Amino acid sequence: MDLQQNTFTLEDLCARAGGGGPIPPEVRLAVLGSPVEHSLSPSMQNAALEALGETTRYAKIECPPESLGDAVGWARKAGFLGLNLTIPHKFEILKICTELDDTARQLGAVNTLLFDGSRIAGFNTDGPGFVRALRDVFSFDLRDLRVMILGAGGGAGSAAALQGALEKCPRLVLVNRTEGKAREVARRASALLHSDRLEGPEDRVTVIPLEEAALAEQLARTDLIVNASSLGMKRTDPRLVPAALLTADLMVYDMVYRPAMTRLLEDAQAAGARTANGLSMLLHQGALSLEIWLNRTAPLDVMRAALNTQA
Ligand code: NAP
């Protein structure tokens, strides 16, 4: 069965917990989300599992928000090793976890579950995956960069901002259409930075409105722009940053990976900036999740190749 093409339902998972249904018995890992059909994780994870000689396989399961508790219960009953969580489950799952690793607690979100007897351990590999992705594609550490995050109030944006605070970034500029959400993320990021004895006199976390003048002023003191908003997935999406503001000394990371070349990345390349799409973040968060489940080193090159054939 092609586990990249097939999307299973909650009924399928319930049937599997009862010992039957269409989900093959070797499937003991899955991503739960809604919508989840677009996820490339099965392709990447199954290539890795195969390369490691593991018999376990990974599937994607459509799970509406109100059924998360049932889904986790059925997955455990079916003998799953763990799960990935994507939109919209990364926050609600906190209530179900019996324990959290430090990153999940500090970011306030979980994307990976490990089942171990009665324990349901929650982890967050999005933040650390983002750090590894930047090192991979730009050869830079997040902790050394002055970062502007577009869409900082969303799930991916807040994870990037809070990870930036954990890494003690010298400067975090948070931009969000709904400014109040960025302010709440800024409050949490400042609290994480506050413990840093090296904090300078200037406020290291700034919230600005999504307006050209404010963006222009801050971009003069920015090394890396991160698009964590959902804009860029459609060709007709408006620009968040006017092309004229982009310069050759910037790095631009777009968390969107479909399409591989977004308008933001096109504009940035035309300005001479270094650019990367979100495929590297998908890769590294997935590799870290696999290492949690298997306690083995993930075969990054195999996973990268599998993603490149799908993207
Ligand atoms: P989310 O929680 O729904 O957040 C969406 C963000 O986009 C919010 O900040 C939202 O602003 C903003 N936004 C939406 N429409 C907008 C518009 N018309 N104008 C301005 N801002 C707008 O979603 P998410 O989970 O964070 O995902 C965001 C993006 O990151 C998606 O494209 C997703 O595919 C990508 N992502 C990639 C990876 C990866 O591994 N590469 C991982 C996670 C997510 P408001 O707060 O004002 O609504």
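Mentor: Let's start with the rule: rings of Phe, Tyr and Trp (its six-membered ring) pair if their centres lie within 6.5 Å, with planes under 30 degrees apart called stacked, over 60 edge-to-face and the rest tilted. This structure holds three aromatic pairs. The model is predicted, so local features need pLDDT of at least 70 and side-chain atom pairs 80 or more, while totals for chains, interfaces and linings use all residues. Numbering runs from 1 along each chain as its sequence is written, and side-chain values use heavy atoms, without hydrogens or water.

Trainee: How do you know whether Y58 and W293 are buried or exposed?

Mentor: Y58 has 0% relative accessibility, so it counts as buried (under 20%; exposed is over 50%, partly exposed in between, with a 1.4 Å probe and protein chains only). W293, at 8%, is buried too.

Trainee: Why does the pair of F130 and Y253 get the name edge-to-face?

Mentor: Its planes stand at 75 degrees with the ring centres 5.9 Å apart, so edge-to-face it is. F130 belongs to helix 5 (residues 126-138) and Y253 to strand 12 (residues 251-254), so this pair bridges 123 residues of sequence. F130 is buried at 1%, and Y253 is buried at 0%.

Trainee: Which residues do ring pairs link into a cluster?

Mentor: F130, F138 and Y253.

Trainee: And which helix gives the most to the lining of the second largest pocket?

Mentor: Helix 9 (residues 263-270), with three residues. The lining has 19 residues, and L231, G232, P238, R263 and L264 lie nearest the pocket's centre. A pocket here is an open set of points on a 1 Å grid over the protein atoms alone where a 1.4 Å probe fits, with protein on both sides within 12 Å along at least five of seven lines; lining residues have an atom within 4 Å of a point. In the largest pocket, helix 6 supplies the largest share of the lining, four residues.

Terms used. Helices (H or I, at least four residues) and strands (E, at least two) are DSSP runs, numbered from the N terminus.
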